[in-house]
Amino acid sequence: MASLNMVQTIARTLDEEMTRDERVVIMGEDVGKRGGVFLATENLFDKYGPDRVIDSPLSEAAIIGAAVGMAVHGLRPVAEIQFADYVYPGFDQLVSQAAKLRYRSGAQFSAPMVVRMPTGGGVKGGHHHSQNPETHFVHTPGLKVVYPSTPYDSKGLLKTAIRDEDPVVFMEPKRLYRAFKEEVPEEDYTIPLGEAVIRREGSDLVMISYGGTMTETLKAADALKEQGISAEVIDLRSLLPWDEQRVLESVARKGRVVLISEAPRTANFISEVAATISEEILDTLEAPPMRVTGFDTPYPYAQDREYLPGVNRILKAVQQVIDY
Amino acid sequence: MSVKSATMLKTTYREAVREAIRDAMRRDDRVFLMGEDVGKYGGCYAVSLGLLEEFGPERIRDTPLSEAAFVGAGIGAALGGMRPIVEVMTVNFSLLALDQIVNTAATILHMSGGQFNVPLVIRMATGAGRQLAAQHSHSLEGWYAHIPGIKVLAPATLEDARGMLWAAIEDPDPVLIFEHAMLYGQEGELAEDVAAVDIDKAVIRRAGSDVSLITYGGTFYKTMQAAAELAKDGIEAEVIDLRSLRPLDNGTILDSVRRTHRAVIIDEGWRSGSLAAEVSARITEGAFYELDAPVARVCSAEVPMPYAKHLEEAAIPQLPGIVAAAREVLGTHV
């Protein structure tokens, strides 16, 4: 066991996977000599050399496109997009090529690759360094989308993603990179994609979130406990596929649910969870699923924290579903 | 739309879009059209046929095959005082311009502290039905509806195809117009002196009291057919044409569902993370006690669009599926 934060865990996990499988290569802007702008690839260049830790030009289309080519030819590339906001120039490669390759080739080819990207707000990055594009990827058949919230999960999920036979978008909540440490086992372990985890047991309502907003969601659950309200907290961890069964079972028992996501509200991924809950178990609901989300504006610089679903906004939504 | 004259002209959706472009070009010297093959070839879907001859190469501009370049140039032109209409051949190709759209067009007003608007119109074909397979056939309107800073329109009728463009050009901010590829051949009549239509409101295309069928763009006519089919059994379906996908017209949607107590959303986008999910979530939030059944969605199968005709047909919403979904919510009581 070692006590590690999330970004240290990711660096160690990449190291372990590169040792385990020589087909694993890393590529991205400043991932080599610099060790990544967030140091998620620290020391890997010195250990594995420039053939396996590749500093790329500033072209996301090239990074993702080259990763598709490497994957088709037998490597296991882990591409880093420096900020999720930069993925847009590489979007076509991810959505039109990587996601469709297995299908378009009649399953002759697949693209076993991972695209890691530091995601989300709360670091005073302004619009171009704070966005949450997960909804776009969830709406793309052929991709898998993972968004962990803890160091422990980062390790298990990243290993599963690297070993998966198809492209995985691995989103990392950058404001949690160094937010806290926890015990991360030294040994090899994986966490299946598509499996949510219950972070708090509770009986009065369910709160569902993922990634960076898990911290605020757990704080809200603590605050509710002091008021005598028992909230179950589910961390989705995987967004495509997401754990529909776990969510429906929990919500059906409690009848009340609050959904938290920091992406802009309209057509947010969390709307999919809300819609599915209503479709499947409307008759068990005591109140409509309430969403707490980012706002329908570009991500602000000045109101960096206010944009994010904070404890107060979550508690207000909880009050609404309780009073409904 | 205000109809000022009784003179009706037979036309098509394609001609209605062309006439809208021609009209805008005549009205305002700052308007120009730019895109791949829009000039000499007349547009991939023949929308701009004849416009090069009429307006010349300065205003009908053939571009290189670089969506990032010509959408970016459109943003620059808009900032510089022009009123560009940029045509992206299909929505799938717009992915190559996504950074320009999401990180530039949609954000300049915000990032300049309100100093610079981007009065840019981007038109693109969308949707399946022509056996163009997994890289030319998707419906990504729902994606764009997730992006703050832009407006998203989906004209389904001839009247909207003709009337929305001018309203979009007059808008001070970026507007994306999605023209479903299967609609271009749609025939109908339009008044000779049509005016601009509003681009903020959904429209009830068919009134009914039993169930609200909510749709837009390529699935609009299929939904109207489904309503006609249901009427044979005495079921009165209301059909809402969303028209504007961002912003969504909550008022029209919720008023309808509060009357009918049941809703089906028909959306050619993939189901997960769809615009239909957003509409569904809003209905349940806003009309929870009025609902007699869960809101249903009819969306595309979650696969890259198949090439084979029978598979393509099976992958997207069709009449029997819409009718069946409506019957199912009508048979449910909560």
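Predicted model: local features only at pLDDT ≥ 70, side-chain atom pairs only at ≥ 80, totals over all residues.

Visitor: Fine. Which domains does chain B have?

Guide: The assignment gives domain 1 (8-191) and domain 2 (203-330). Taken over C-alpha atoms, their centres are 26 Å apart. Domain 1 of chain B puts 34 residues into the contact, and domain 2 of chain B puts in 25 residues.

Visitor: What area is buried between domain 1 and domain 2 of chain B?

Guide: About 2,300 Å², with carbon and sulfur atoms giving 57% of that. On the domain 1 side, B:Gln131, B:His138 and B:Ala154 lose the most area, together 23% of what that side buries.

Visitor: How many salt bridges are there across that interface?

Guide: The rule finds three salt bridges between the two domains of chain B. It also finds 15 residue pairs in polar contact across the interface, both residues at pLDDT 80 or more.

Visitor: And which elements of domain 1 give two or more residues to the side touching domain 2?

Guide: In chain B, those are α6 (141-144), β6 (151-153) and α7 (158-170). The most comes from α7(B), with four residues.

Visitor: Different topic. What does B:Arg205 meet in a salt bridge?

Guide: The side chain of B:Asp160, at 2.9 Å from N to O.

Key: Residues numbered from 1 in each chain as written. Chains lettered and ligands numbered in written order. Heavy atoms only, no water. Domains from an automatic or database assignment. Contact = heavy atoms within 4.5 Å. Buried area = accessible area lost by both parts, 1.4 Å probe. Salt bridge = Lys/Arg side-chain N within 4 Å of Asp/Glu carboxyl O. Polar contact = N/O pair within 3.5 Å; in protein donor to acceptor, adjacent residues only side chain to side chain.
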